[in-house]
Amino acid sequence: MKINKLTIRGCGFAYRELGHGIPWVFIHGFPLDHRMWLPVAERMQTAVRAIVPDLRGFGQSEATPGIVTMADFADDLAGLLDALRIRQPAVICGLSMGGYIAFEFWFRHTERVAGLVLCDTRAAADTPEMAQHRQATAERVLQEGPAFLAEAMLPRLLSRVSFQQQPELAQQLRQQIEGANPAGVAAAARGMAQRRDMQPVLSQITCPTLVLVGSQDVISPPSEMRAIAHAIPNAHFVEIPDAGHLAPVENPGLVTAVFLEFLDQVASPEKE
Ligand code: MLT
């Protein structure tokens, strides 16, 4: 499967495109890249036009130094849809940091959203302590590279069951994290520290919305995600058993089934 390249808003972007149908944008988490979504995107390509980008500064997309805000990432994605001449509303689907970006995309480009899929993410902004920790992470990754992040994050990304039954996943994730561009990781960490609190606007999200979480997610736990679903009118809440923070990576088969069911509601919202 070939990776495509485009220049958007002055930055070189890499993305994959699979299948035909309603556009569905898959937004990866931090500090990963588009590959985390491929097992799901490949399964969905008979039903959707899957757009699977590397965000600015990740994977094979160029980094811009300094800070990249969630608004920057969201506008990059709108630029990607423009460049692909996709005018019809798309399903915007993000995991964790990808979820922060999906929220921001909805906020800034509401009319372009056919449906919102929020996976293992948070609506709240960072506390001052979290924001400070992210600044320290940004400094450290610039000084010594991203390997320490793999050590710190891996035990929290996958559930115990996934670690035991799919040891190759940890290896793949380690490769993605260790191969990440320090400038891109630092810029996104600073951007996440500044992200807005979406909780006050959740009640204004009226498009079909799916909120999905791994039952063992310790970063964005099911209780917090259930509260997000509760605050969004008519959102569907789904818990993926035995999965952690990367539910779509850990159980792509079940997550795809849930997404395809959700797609039915996007196509005919009167089924609600
Ligand atoms: C992610 O998976 O994208 C990160 O856990 C997000 C974060 O650090 O808040």
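## The largest pocket

The lining of the largest pocket divides into 16 nonpolar, 5 polar and 5 charged residues, where Ala, Val, Leu, Ile, Met, Phe, Trp, Tyr, Cys and Pro count as nonpolar, Asp, Glu, Lys and Arg as charged, and the others, Gly among them, as polar. This is a predicted model, in which local features need pLDDT of at least 70 and side-chain atom pairs count only at pLDDT 80 or more, while totals for chains, interfaces and linings use all residues. Residues are numbered from 1 along each chain as its sequence is written, and side-chain values use heavy atoms, with hydrogens and water left out.

The volume of the largest pocket is about 640 Å³, a volume being the space filled by probe spheres set on grid points that are joined across faces, edges and corners. Pockets and cavities are found on a 1 Å grid over the protein atoms alone: a cavity is a set of points where a 1.4 Å probe fits but cannot get out, a pocket is an open set with protein on both sides within 12 Å along at least five of seven lines, and lining residues have an atom within 4 Å of a point. Of the 26 residues that line the largest pocket, H133, R134, M153, R156 and I219 lie nearest its centre. At least two lining residues come from each of α3 (97-108), α4 (128-144), α5 (147-157) and α8 (182-193), with helices (H or I, at least four residues) and strands (E, at least two) taken as DSSP runs numbered from the N terminus.

## The ligand

The ligand takes up the space of the largest pocket, by the criterion that more than half of a molecule's atoms lie within 2 Å of the grid points. Around the ligand are G29, F30, S96, M97, Y100, R134, M192, I219 and H245, each with a heavy atom within 4 Å of it. By class, this shell has 5 nonpolar, 3 polar and 1 charged residues.

Polar contacts, that is pairs of N or O atoms within 3.5 Å, involve oxygen atoms of the ligand: a polar backbone atom of F30 is 2.7 Å from one, an N or O atom in the side chain of S96 is 2.9 Å from one, and a polar side-chain atom of H245 is 3.0 Å from one. Taken alone the ligand exposes 270 Å², of which the protein buries 91%, the areas coming from the Shrake-Rupley method with a 1.4 Å probe.

Across the whole structure, the search finds 1 cavity of 30 Å³ or more. The largest cavity holds about 50 Å³ of space and is lined by Y100, F103, E104, R122, A123, A124, R195, R196 and M198, which divide into 5 nonpolar, no polar and 4 charged residues.

## Backbone geometry

F30 and P31 are joined by a cis peptide bond with omega of about -10°, and P31 lies in the loop between β3 (22-27) and α1 (38-44). N234, in the loop between α9 (222-231) and β8 (236-240), has a positive phi near 65° although the residue is not glycine.

Conventions:
Polar contact = N/O pair within 3.5 Å; in protein donor to acceptor, adjacent residues only side chain to side chain.
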